[in-house]
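Dear colleague,

I am handing over the structure we talked about, and I would ask you to keep it open beside this message while you read.

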Amino acid sequence: MPSVALFSLLTLLAYSASPVSAEQKPITPSSIRGLNPALYDKYEPNPAGTFQCLDGSKIIKYSAINDDYCDCPDGSDEPGTSACSNGVFWCKNEGHIPGQVLSSRVNDGICDPECCDGSDEWATGACPDKCAEIGKKYRDEEEAIRKTRKTGAKIRGTYIKWAQGEKKRLETEVENKKKELREKEQEVERARVALEKTESKSKEELEKKKTSPLYQSLLTHRLTLTRLRSKTQRLQDELDTLHSILDELSKGYNPNYQDMAVKAAVVGYEEYTGKAAAPSEEEKPHVEENKEEEEEIKDWELDELERKDLESLLWQSGPEDDGNDDDEEEGGLLWKIDEYIPDSLYDSWESVRDTAIEWMIRLGLIGKKKASKTSIAEGPHVAAARDKHRGLSNELNKLKNAVSDTENTLEKMDKEYGPQAEWKKLDGVCVDKVSGDYTYELCFFGKATQKSNKDGATNHMGTFSEWNTAAEQGSFEYYTKQLYKNGARCWNGPLRSVSVDLSCGTQNALLSISEPEKCEYRYKVTTPALCWPDEQDVGGSVKSEEEDKIKEEL
Amino acid sequence: MRSSLSLSPLSLLVVLSLVLLPITMGVKEEDFKKCSQSSFCRRLRSIANKQESAPSDTFTSPYSLSSPQAIQDGAWKWPLRSSLYPEIKFELRADVLAEGDGIIRLRIDEIGSTTPFKRYNETARWALLDTNPPLSSSATVKTTSGKSVISYGPSSSKLSLEIQHSPLKITQLRNGKPEIVFNERSLFHMEHFRIKDVEKTEEILSESEQVVLKGDEQDRSWFEESDIDAFEETWKKWKDSKPKGPEGFSLDLTFPGVKHVYGLPEHASPLSLPDTSGPNAHYSDPYRLYNVDIFEYLADSPMSLYGAIPLLHAHASDHSVGVLNLVASDTFVDVRHDSDAVRTHWVSESGILDVLLLPGPKPQQLFEQYAVLTGPTSLPPQWSTAYHQCRWNYNDEDDVLQVDRKFDEADIPLDVTWLDIEYAEEHRYFDWNNRFFPDPVKMIDAVASKGRKMVAIIDPHIKKTDSFRIYSDAKDLDVLIKKADGNNFEGWCWTGSSVWVDFFNEKSWTWWTKMFDFRTWKDSTNALFIWNDMNEPSVFDGPEISMPRDNIHAGGWEHRDVHNINGMMFHNQTAHALIARETPAKRPFVLSRSFFAGSHRYGAIWTGDNLGDWEHLAGETAMLLSNNIAGMVFSGADVGGFFGNPTPELLVRWYQAGAFMPFFRAHAHIDTKRREPYLFDEPIRGYLRDIIRLRYQLLPVWYNAFHDSSLTGVPIMRPQYAVFPEDEQGFAIDDQYYIGDSGLLFKPVVQEGAETSQVYISDAQPYYNYFTHHLYPAHAHQTLTLSTPLSTFPLLIQGGSIVPSRQRVRRSSPLMWQDPFTLTIALSKEGKASGQLYLDDGVSYGYEQGEYIWRRFHFDGKSLTSTSKTNTAPSSEEKGVVSYDAENNNWAQAVSHVNIESITILGLANKPKSIKVGGQEVDWVYENGVASNGKKEGESSLLKIKNPGVGVVGDWEITFS
């Protein structure tokens, strides 16, 4: 308090001469200290010499205005003193814009920037008028901001223009694709008719070939293989889960905690995975890559084995008939259905099928003749016809997906990507910043990540989830905030998430990162997409100098 | 950090399964010893069991005295022998102190031991103001037929101490009535020093239960328990080498005619201590005094916590007495309520017996007597009684400044912003983490520009890194705590591998002071204050999360001897360092977690790592009341609860409770959601703002209370029994309390969804709702039911009180120093009231030179006067503040312009005709309502005087006709 004490002792005389009597009795509203001119008409003296509190709750003597005693519950009788807890002091701030401070700031000895003229410190005299200086600085800053916004708005204009072109392009694309789609549908229909014809012809021939013991044995092997693989997969999944839990633990645990058990677990895990034993940077990823390769080859081979069309092999090896009609084609139908499944759905189908087979075996369904009789045997002609049909069907589906994707994007361009679809340009654009031991990256509408500068380990911080839903969609406020949610879980904490505060700037840039709460991050990002033009600037033409800048930016 | 820990696959599995299991919260009780897990407590507590199970009158103390010898005026000694070990010599010494209305000091120690060992006898040195307080010259002793009787005390009260020689028994009597009896149950025992007998230990081991006696050894098992761990004790993975062998002592103290005992902080237990033994035992283990860092402590338990004050009050409607047992080693206390008395049994691991008997006869005198011994509270800087905002952690400079700004934007006052351990580079306290705090001085200056302060944490564990100057200095100076083998002790704490300074070593003192010198610690300013946490001390990998007991301190004392004082030594030295850093000196502010008898001289404490739940909120009041009656008045609890995320309702209730704690700080764990008051939506934010603002408005009341406590040691939070010592109905109440002598009666709401609260009223005076002016007419022993929705809580003004306040709340409390006062006068049923106002500059020691104002306000129905108040406290002479120039001292002149802007009188029976100051009518209004002298309940009459034109300095009179 030394400075406070000093000035107050200096100004004690003025203060102690009682502020009430020292002040001239106000005659006109403009002479009422701290009063906002917009309220002057409410403070006109009346013949009765009274004043009505602005909330209408009370009528007091006019002389009680600014008598350093709070009479009005709303504080309206003391605009110039600190007597009321809920009033405001209006500062003229000549040379700058007018401002106001809470009554509790009046004569507290602190120079508030809102009252650069120091008029709120009328008793302490603590604050000289600095409005000329502050006002100039303010205007300079305002001008800089305006310039930034103007430039930014022009860049934003190019985003909008680009988005308009993109929209047109997409619309055309949709139309073309739809046309293609109709043609493709007809093609598929033709292929289907041809396939049906071929199928009925080859059915009989195949029946004979399926009874060989070799074929039966193959089927059994395949089934065992499938079950083994599914078991391995389950174990692998469990192992992966445990690995990810421990990875998370070793990456995220706070070494400062006193928990020696956690420490021991982390050290043990690192030894187990060889991280601690082999700290060399290159070794670790290599090992993993090799492993992956090996596994991939195996998987591929196994896939091949499992998916091999045994019946078409029968066709290749020539007809053989030992006349045993009782032999079964376990699950044959289910295997055959593979052929009809579009590629895009194949993976999920596979697991459904495996489960189905397992259940059928358990229930004794497979192994009965009835089941085998429903199977469809076919020859090479059928296979060719089916391939054709399947290929065409897949193309059709891909087209359908493409159309719906594009339509989706077009729909988003009406809402999601800003009022003029200006944000579409930034879809997938990434900004990053190095902060401390990490590089933080944010890809608009995609993911936020945190990458360690030491070992390159990456943490997923969240995926784009929403704009500022507290504001109305389409309003400026709505686009000032983005939320990226459901990142990787923190040790002993929540899922990571990022709240992005956006503001207008001439560049797309990540300015700062903070973590106000554990694993809840806050990014400050600038982007031209948020530089909404001033009304006066709208329609202004882009000057060549700025154009260059914009081009650079783009 | 790479650790050398290895791990077996099995333990990895165990860890895995733990990770996958849901995490359970709560204290790990098994980390802390129960009595049965401690050799000395097993040995010594069992004496009580033997006494109880022995046929009546057959259990007689083996100890007896010979005739006394005078040592000097007021001091005598008696040779003391035990029939168990006739060859061992003990000595009893009794002193009568000159001050404090007849305080007796009893000391017992072994003398002439043939071993090289010595009992720790320096607890008094650290706990008492004066290690050897002056003795009475008027006390006399008479010895007749195996009995010595000392007569002493002021002439008004006839005190005597009857010392029965054989068997040993000491009784303190007032007017012939026994009030404290030492060794009534014959449980006194002092283990003598002996050299470890390996053979015998093995014998005990092999015989396990029955000790085979040989040759001349007599059977002592009727009294003394053998314990295989007497000479060496292993608990969990820690071995205690116990080089001095068994050296515990046991004593019993009986308080005849008493039904309530209070004290022994710090425990999360009721203020009136429930039984730990006997048929009505509420707890199965004794109250333990052994300072520990306890994680998520239980809300109702006799387990030891962070602090220890071995002070007990025994209270009945006709008398109060107290006992201060000056022992710093691990201590367990059993309490048992019998129909005729409360009986207590104290067992300690080491040290001499050094017990002070406080004669009372009322709680008020007990507080003063305790202050005579340990000194009164230090007057804290005034700003430290305002609101503190803390969190583990404010991450960087921007974060700190944003918190600062957000408080302003929300118009919520704030005085102190705190930084927890993460400000420090690698937890090397003093060293700022430059990445997050590149310019700490600039940041502190920015905060200080609004009259605010900052507090940064300095913990006692010191990172063991040669590049860290604090470590290398302390090592070079050889002031570190040592292991039993003489090497520096190393343990694990936030910093990783750490060492601890031995603040018992005087060499550390000047060095520590230098560490806070602005020339040494360049990244600090005079607006930065200190938080000493973890000073139990907390050692993560040590026994009971603390230090091995056979560690060595200065003078060769073992850690076991000084354990409970350790935290206070650190607190003390930090406080002194802050005093020394400026000339002229300013009052220090240091918050400590650990404390002992005497810590109140050095600063504040808080109740440690509580939980953000209703149960812990409810438990805080009793804990803080217990601290307050034991001198540790500057106490508070983490508002909101350290762990967990309180609901908005709980948070509001917690702020209401916190605003009425002497130390008012919100704090939260690093894993919690942020909960600064400005973060909430209305109406919660408004509630929080109003509560904090109310604290600021009532700061004059708090400062008055601190000032009173700094003179006489009276509590700030005053429980019912202390204010109304004759009203038995209030003796067990520990959920409401009075603030100093202000007449404000507060009760926190601690039940979820509570729409009403009940407040017990002891005296026959009207009480007024502080907020609504609702008057409850005078009626002794009544229980009031108040409507307490979330926006409000019970705050009553006792009739007869004048409450000073400052209604203009600024951003921070120092900015309010020139603002006018409001007086709220709540009339007694006789139509009278009085109150006080103490003011000084709030930061310097100018008040010791008489630079303050101290007013007494009195209303007698006809006039309201302000007169200067002088100190009449018994201890005032030493403080040299008996006389001061009430109007012309520097501070009085500095505030000569500060006015009383408003006076409200509640409960006047009639509207006055005229109210004048100096013959001039003042501006006033009167509203009809209920009068203080009537039987009607309802809104009280209200007289409001506007700007009477009287100041806080100088005498004045306002006349009513």
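Below is what was found, beginning with the aromatic rings.

Please bear in mind that this is a predicted model. A search of the whole structure finds 80 aromatic pairs over all chains. In one of them, the ring centres of A:Tyr417 and A:Phe445 lie 5.0 Å apart with their planes at 70°, and because planes over 60 degrees apart count as edge-to-face, the pair is given that name. A:Tyr417 belongs to the loop between helix H12 and strand S5 of chain A, while A:Phe445 belongs to the loop between strands S6 and S7 of chain A, so the pair ties together parts that are 28 residues apart in sequence. A:Tyr417 is buried, with a relative accessible area of 3%, and A:Phe445 also counts as buried, at 14%. Both residues belong to one aromatic cluster, whose members include A:Trp423, A:Phe464 and A:Tyr484.

In chain B, helix H9 (residues 507-515) has B:Ser508, B:Trp511, B:Trp512 and B:Met515 buried. Seen down the axis of H9(B), the buried residues fall within an arc of 100°, so they line one face of the helix. What covers them includes helices H8 and H11 of chain B. The rings of B:Trp511 and B:Trp512 have their centres 5.7 Å apart and their planes at 55°, so this pair is tilted.

The charged end of B:Arg665 sits over the ring of B:Trp418, 4.6 Å from its centre, and B:Arg119 lies over the face of B:Phe193, at 5.7 Å from the ring centre.

Technical notes. Residues numbered from 1 in each chain as written. Chains lettered and ligands numbered in written order. Predicted model: local features only at pLDDT ≥ 70, side-chain atom pairs only at ≥ 80, totals over all residues. Heavy atoms only, no water. Buried < 20%, exposed > 50% of the residue type's maximum accessible area, 1.4 Å probe, protein only. Helix = DSSP H or I, 4+ residues; strand = E, 2+ residues; numbered from the N terminus. Arc of directions from axis to C-beta. Contact = heavy atoms within 4.5 Å. Phe/Tyr/Trp six-rings, centres within 6.5 Å; stacked < 30°, edge-to-face > 60°. Lys NZ or Arg CZ within 6 Å of the ring centre and 35° of its normal.
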